[in-house]
Amino acid sequence: MASIAFSSFVSQSDCTGMASAWSSHKAKEGSFTRKNVIVCRRHDQVVRRVATRPPAITIPLPEKERATTKSPERSHVAWTSIRHPRWEGELTVEGEIPLWLNGIYLRNGPGLWHIDDYNFRHLFDGYAMMVKLQFENGRLVAGHRQIESEAYKAAMKNRRLCYREFSEVPKPGNFLSYVGELASLFSGASLTDNSNTGVVGLGDGRVVCLTETQKGSIMINPVTLETIGKFEYSDSLGGLIHSAHPIVTDSEFLTLLPDLINPGYLVVRMEPGSNERKVIGRVNCRGGPAPGWVHSFPVTENYIIVPEMPLRYCAQNLLRAEPTPLYKFQWHPESKAYLHVMCKTSGKIVTSVEVPLFVTFHFINAYEERDEDGRVVAVIADCCEHNADTTILDKLRLQNLRSYSGSHDVLPDARVGRFTIPLDGSPYGKLEAALDPDEHGRGMDMCSINPAVLGKKYRYAYACGARRPCNFPNTLTKIDLEKKIANNWHEEGAIPSEPYFVARPGATKEDDGVVISMISQKNGEGYALLLDASTFEEIARAKFPYGLPYGLHGCWVPKNHNKP
């Protein structure tokens with residue numbers, strides 16, 4: 001491991017103390033040595049001058065990807081495959097990490113978008129890479145590692161695509177192999193288990209990475225990032241897909257299972273320590289040839305809201321060897337859009353209402369609206385809504401992301417879409433903007449809230465907004481739904497990942513905590529960023545040894561849940 005270099009302005013007299021050395025950590029893929037830490041104070045900042053260089057292992061970029069990364073005006077590290085399959089080291093911290101922040105932030109997302117000279121097409125195709133930020137007593141150890149799914153291992157062994165990804169399909173050698181591949185598609189055997197979307201910490205301490213295929217549920221060790229193995233569901237519910245974003249608390253795991261044969265959704269629950277999902281109830285679709293896409297869904301204290309979006313699953317598109325602009329979906333505006341409200345305890349449908357057409361990947365939160373007598377009169381559900389514009393999916397092609405020059409505005413508009421679902425028997429609900437979209441640059445996605453307000457009336461949300469012109473959300477945004485204003489963090493040329501809120505232990509205010517994000521910079525570098533969630537001002541950053549590709553969703557694993 002390389003020696004540590006200190007900046008010349010740091011002298012012995014500047015130092016106020018030295019932390020003890022961390023023990024060497026052995027992993028079967030190599031050794032990582034954590035060095036002594038010298039803590040120096042300058043201008044009210046704590047600077048920990050420690051970082052380890054990445055190992056010599058490299059993954060060469062394909063010619064096509066190299067061609068798009070030669071000019072900084074035509075590329076960005078956010079859309080470039082990771083150069084190393086794994087790394088770990090302690091980072092230099094500029095600023096001060098709160099001493100109460102003890103635990104691991106995990107972020108999942110695509111990290112490898114090519115196999116040799118074959119370049120993937122879509123952001124969602126890349127093989128999953130887990131990144132960790134491990135906080136302890138003001139110090140920060142970072143690391144990343146590829147998740148060893150069957151899809152990833154097969155691709156590395158055979159040097160070709162072996163499973164169906166979001167837009168990628170294995171190329172059959174002949175007609176018979178094509179027929180066989182179609183047969184394996186119907187059985188689910190050829191669907192990917194590339195769990196590159198989300199990561200959740202279950203109530204029993206297990207950490208599971210997820211994608212939309214049920215087989216893509218994979219357990220990892222949050223400290224070493226080692227792939228433990230499949231998370232096998234022990235029930236007989238079957239099905240091939242589920243919501244990529246379950247609702248997970250210390251007491252339960254809730255998710256939706258779309259039924260592609262008899263269009264509808266099963267709503268299921270799993271208890272901590274169990275692998276068995278039990279059915280709460282079923283929702284039958286009101287329109288269309290198939291259920292709408294359910295990437296996420298919201299809950300309140302007493303209800304589960306099942307969205308039926310007119311962007312519906314499409315078997316014909318799934319069978320195609322080449323992707324359509326809507327990939328495995330099809331837009332059916334004539335089938336209309338609905339929201340269904342199900343009682344958590346009985347599984348009965350309380351109401352189903354037609355709502356204006358909408359497109360959303362991510363719901364933010366939901367809550368029950370009560371009258372002065374305490375009776376629930378409506379359900380409010382908020383989401384990052386793309387103005388019913390389906391082009392957002394195709395805008396996420398890697399070619400579009402990599403070739404952006406910065407001179408024109410191509411990001412479709414988005415807003416905080418607020419659904420009002422009346423419980424008075426009315427067949428119609430409302431959809432309107434919860435605040436002026438110009439407050440956050442008419443960009444809105446990748447959201448988080450304080451977990452304490454899940455399913456309850458809330459005030460704050462954290463998301464990615466936009467400073468235009470842009471082709472992708474490029475700000476971190478704090479939404480105040482009471483004052484209907486937004487506070488935006490922006491750095492020129494930076495692409496921030498999902499802002500994740502972590503509450504201060506013992507906090508009584510909703511925004512008392514920190515917001516964590518990982519920043520990919522235009523110059524090819526990157527860093528971890530901490531913002532004060534209340535003021536939304538920077539309190540610390542820590543530079544990575546090299547820039548990381550854009551990631552999707554994360555979770556927080558408290559220190560007492562970390563498994564060695």
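User: Which strand does K478 lie in?
Analyst: K478 lies in strand β33, which covers residues 475–480. Keep in mind that this is a predicted model.

User: Why does K478 count as buried?
Analyst: Its relative accessibility is 7%. Buried means under 20%. The value falls under the cut-off, so K478 counts as buried.

User: What touches K478, leaving out residues up to four places away in sequence?
Analyst: The list is Y460, A461, Y462, I485, A486, N487, D511, A533, S534 and F536. To count, heavy atoms must come within 4.5 Å.

User: What makes the pair K478 and A533 a polar contact?
Analyst: The distance decides part of it. A polar atom of the K478 side chain lies 2.8 Å from the backbone oxygen of A533. The cut-off is 3.5 Å, and one atom must be able to donate a hydrogen while the other accepts it. The 2.8 Å value is within that limit.

User: How far apart are the C-alpha atoms of K478 and V515?
Analyst: They are separated by 9.6 Å. Along the chain, the two residues are 37 residues apart.

User: Now a different strand. What makes both faces of strand β15 covered?
Analyst: Look at each side of residues 207–210. V207 and C209 are buried on one side. V208 and L210 are buried on the other. Each of these four therefore has a relative accessible area under 20%.

User: What lies between β14 and β15 in their hairpin?
Analyst: There are 5 residues between the two strands. In the turn, G205 has a positive phi of about 100°.

User: How do you know that β15 and β16 pair?
Analyst: Apply the test again. They share 3 bridges, and at least two are needed, so they pair. The sense is antiparallel. Strand β16 covers residues 218–220. Within it, M219 is the bridge partner of V208, and I220 stands opposite V207.

User: What order do the strands of this open sheet have?
Analyst: The 4 strands run β14-β15-β16-β17, with antiparallel pairing.

User: Why is one side of β14 and of β17 left without a neighbour in the sheet?
Analyst: Both stand at the edges. Each has a single partner strand, so one side of each has no neighbour in the sheet. On average, neighbouring strands here are turned by 30° against each other, direction ignored.

User: Which strands form the open sheet that starts with β18?
Analyst: The order is β18-β19-β20-β21, and the pairing is antiparallel. Here β18 (247–248) and β21 (277–284) stand at the edges, each with a single partner strand.

User: How do you know that β19 and β20 pair?
Analyst: Strand β19 (residues 253–259) and strand β20 (residues 264–270) are joined by 7 bridges. At least two are required, so they pair. L257 stands opposite L266 in β20.

User: What makes a set of residues a nonpolar core?
Analyst: Its members must be buried residues of nonpolar-core types, including Val and Leu, joined through side-chain atoms within 4.5 Å. The largest core has 84 residues. W79, L123, Y127, L393, F419 and Y550 have the most contacts inside it. Apart from it lies another core of 40 residues, among them C209.

User: How many helices and strands are in the protein?
Analyst: There are 6 helices and 40 strands. Of the 564 residues, 58% are buried.

Conventions
Residues numbered from 1 in each chain as written. Predicted model: local features only at pLDDT ≥ 70, side-chain atom pairs only at ≥ 80, totals over all residues. Heavy atoms only, no water. Buried < 20%, exposed > 50% of the residue type's maximum accessible area, 1.4 Å probe, protein only. Axes fitted to C-alpha atoms, helices over the stretch in contact; angles between N-to-C directions.
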